[in-house]
Amino acid sequence: MSNDPLLQPFQLKHLTLRNRIIVTSHEPAYPEDGMPKGRYRAYTVERARGGVALTMTAGSAAVSKDSPPVFNNLLAYKDEIVPWIREMTDAVHEQGAAIMIQLTHLGRRTRWDKGDWLPVVAPSHHREAAHRAFPKKLEDWDIERIIKDFADAAERMKAGGMDGVELEAYGHLIDQFTSPLTNELDGPYGGSLDNRMRFCFDVFKAMRKRVGNDFILGVRYTADECLPGGTGKAEGLEISRRLKESGLIDYLNVIRGHIDTDAGLTDVIPIQGMASAPHLDFAGEVRAATNFPTFHAAKIQDVATARHAIAAGKVDMVGMTRAHMTDPHIVRKIIEKREDDIRPCVGANYCLDRIYQGGLAFCIHNAATGREETMPHNIPKADVRRKVVVVGAGPAGLEAARVSAERGHEVVVFEAANNPGGQIRLTSQSERRREMISIIEWRMNQCEKLGVTFHFNTWAEADTITAEDPDVVIIATGGLPHTDVLTKGNELVVSSWDIISGDVKPGSNVLVYDDAGDHAGLQAAEFIAKAGGKVEIMTPDRAFAPEVMAMNLVPYMRSLQKLDTTFTVTYRLEAAEKSGNQIIAHIGSDYGGVAKQQTFDQIVVNHGTIPLDDLYFELKPGSKNLGEVSYDELLSGAPQTVERNPDGAYQLFRIGDAVAARNTHAAIYDALRLAKDI
């Protein structure tokens, strides 16, 4: 048996967990009609196949009709969920892993105009900032009904073959009872800590009565809200002891912080540039104070930190949830002593930010996650070895090279710069986003192991490519900043890339005109503001930086607000003209009726990219397919068979921003779904 602390089994009541790594409950927003159907099941089973000890599904499966999900969650209040749960649990158990599910009532953390349009309920009328609904204060019959709903849902989950149920307390209804900030009830459920905890214990008693003692029950709760007037550390430790002493539950899953604002949520679930494992020591304090099985997860994204968490006795089971979205086979690679092959989580938080905008959770640089039914995590070998030439060593080109090499092909990559990375290298110029470079470093490491040939500092032309006698050519040359967006004065502006790269010195009074809404605009603004410049960020949209999304916006705001940045929405920069050493900005609005002027010494435009596609069009006449992609074949997972030019010498494709400005995930997905079938 291995001496690795992470690979030691753990006995949780009657349940033997095969190692110390878990995927904590999270909702990837994959349900169909509130049920865990094909996509959900495939995603969950892949993590079990990868060796994780316990996978927890459904960050917050809803137990009541008046707890409507604000994004696509499982509906545990429906009887029809049982057979779908059974299919998933059977498949996970076949892979040797345990499986649990998280149940919740959201309380005020939802909206009245979701689901069945029932009133939002909470132990007070206080609105949660994030979801903005004013709740009805709970009545006695509401409390009785919801306790029964929890018990009914737990019984369904046991019938579906789950090994246990975890209650989601933090930020949700149970925590809203416990916290003095959100409980204004009188009588048995309000006032003293005994009364505020009564609802939690009544729920557990009802569940335990229904599921018996041979079923795991746990709770994910906050032991310190980090809010004035809220549950503090001392009271949190007392809550922890009382939970243990109740005899109703089998483990604690510790959280520190609050999630009622974007900023609070981001501190609970830190993103890139924030400290790793910031709450691990606190979880260790809870374990020491209770001597009770303790779980914890919060930006424990690498094996070394996870190993320390177990070896140092901080926790009994360590959660690596986002890390398993990036690489579902972490445990298998640890066992096989291939830790350097683990695809690193870079903390980009594309996964969570997408679900909070109503999308499916996807990993920024593993396009197979959430697409397990159609995209492979392990690339199959091709029947015939071919020569694949890739132009461009950004994320799209490197993924195309990696996947093609995994297929067994001979792969040659040309890159004009002296280093790989493309736009990722630019992105990682920001200290806070430095982790992004791991997207490139991991692919370079994999490509080198697979024998890919690289030619850097090489501006590839058509003759360069045809001299390689390729079977397939993939153009991944990316794009260049598009700043030609004004009716007059385009020559007076610089791009966000110019600022981030350091090619242009920041001005002292600067307009950042951002109608792309992505990271580059905010990064440029931050560079300028940190250099001492006064910055105004302007967008014609009704909200700025929509592509950055909620949790990623938090560190930008914390930085830029301190630097006195001005944010202006709903105004459009129309033209610019020189006036001495200043630039006059002519500003209008899509809403009409506005024409004004402002003076700056620098204008930065962030308007995405235009494709760098000259080489593609030079090569197109000599290709078999004339660059055409069969979308039917692409989407069905079949090799590309288009042949429009019988005299053509090679297949030609382009991917990523060489097609159109999108994002890193799109570039990598382009590469994976094309190259996996070459």
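Q: Which ring does Arg 256 lie over?
A: That's Phe 282. Keep in mind that this is a predicted model. Arg 256 lies over the face of the Phe 282 ring, 4.2 Å from its centre.

Q: And what about Arg 371, which ring does that one lie over?
A: Arg 371 lies over the face of Phe 362, with 3.8 Å to the ring centre.

Q: OK, on to ring pairs. How many aromatic pairs does the structure hold?
A: There are 9 aromatic pairs. One of them is Phe 177 with Tyr 189, which is edge-to-face: the centres are 6.0 Å apart and the planes are at 70°.

Q: Where do Phe 177 and Tyr 189 lie?
A: Phe 177 is in helix 4 (residues 173-178), while Tyr 189 is in the loop between helix 4 and helix 5 (193-211), so the pair ties together parts that are 12 residues apart in sequence.

Q: Is Phe 177 buried or exposed? And Tyr 189, buried or exposed?
A: Phe 177 counts as buried because its relative accessibility is 0%. Tyr 189 is buried as well, at 15% relative accessible area.

Q: What kind of pair do Phe 544 and Phe 567 form?
A: A stacked one, 4.6 Å centre to centre with 25° between the planes. Phe 544 sits in the loop between strand 20 (534-539) and helix 19 (550-562), and Phe 567 sits in strand 21 (residues 566-569), so this pair ties together parts 23 residues apart in sequence. Phe 567 is partly exposed, with a relative accessible area of 24%.

Q: Switching topic: where does Thr 24 lie?
A: In the loop between strand 3 (21-23) and helix 1 (38-49). Thr 24 counts as buried because its relative accessibility is 2%, and the cut-off for buried is under 20%.

Q: What is Thr 24 in contact with, leaving aside its neighbours within four places in sequence?
A: Met 56, Arg 220, Asn 253, Ala 297, Gly 319 and Thr 321. With Thr 321 there's a side-chain polar contact of 2.4 Å.

Q: Last one, helix 3. How many residues does it have, and how far does it reach?
A: Helix 3 (residues 140-159) has 20 residues and reaches 29 Å from first C-alpha to last, close to the 28 Å expected. Its buried residues include Ile 143, Ile 146, Ile 147 and Phe 150, and also Asp 142 and Arg 156.

Q: What's the phi of Gly 161, which follows helix 3?
A: The phi of Gly 161 is positive, near 90°.

Definitions and conventions: Residues are numbered from 1 along each chain as its sequence is written. This is a predicted model: local features need pLDDT of at least 70, side-chain atom pairs count only at pLDDT 80 or more; totals for chains, interfaces and linings use all residues. Side-chain values use heavy atoms; hydrogens and water are left out. Helices (H or I, at least four residues) and strands (E, at least two) are DSSP runs, numbered from the N terminus. Buried means under 20% relative accessible area, exposed over 50%, partly exposed in between (1.4 Å probe, protein chains only). Contact means heavy atoms within 4.5 Å. A polar contact is a pair of N or O atoms within 3.5 Å; within protein, one must be able to donate a hydrogen and the other to accept it, and residues adjacent in sequence count only if both atoms are side-chain atoms. The expected span of a helix is 1.5 Å times one less than its number of residues. Rings of Phe, Tyr and Trp (its six-membered ring) pair if their centres lie within 6.5 Å; planes under 30 degrees apart count as stacked, over 60 as edge-to-face and the rest as tilted. A charge sits over a ring if NZ of Lys or CZ of Arg is within 6 Å of the ring centre and within 35 degrees of the ring normal.
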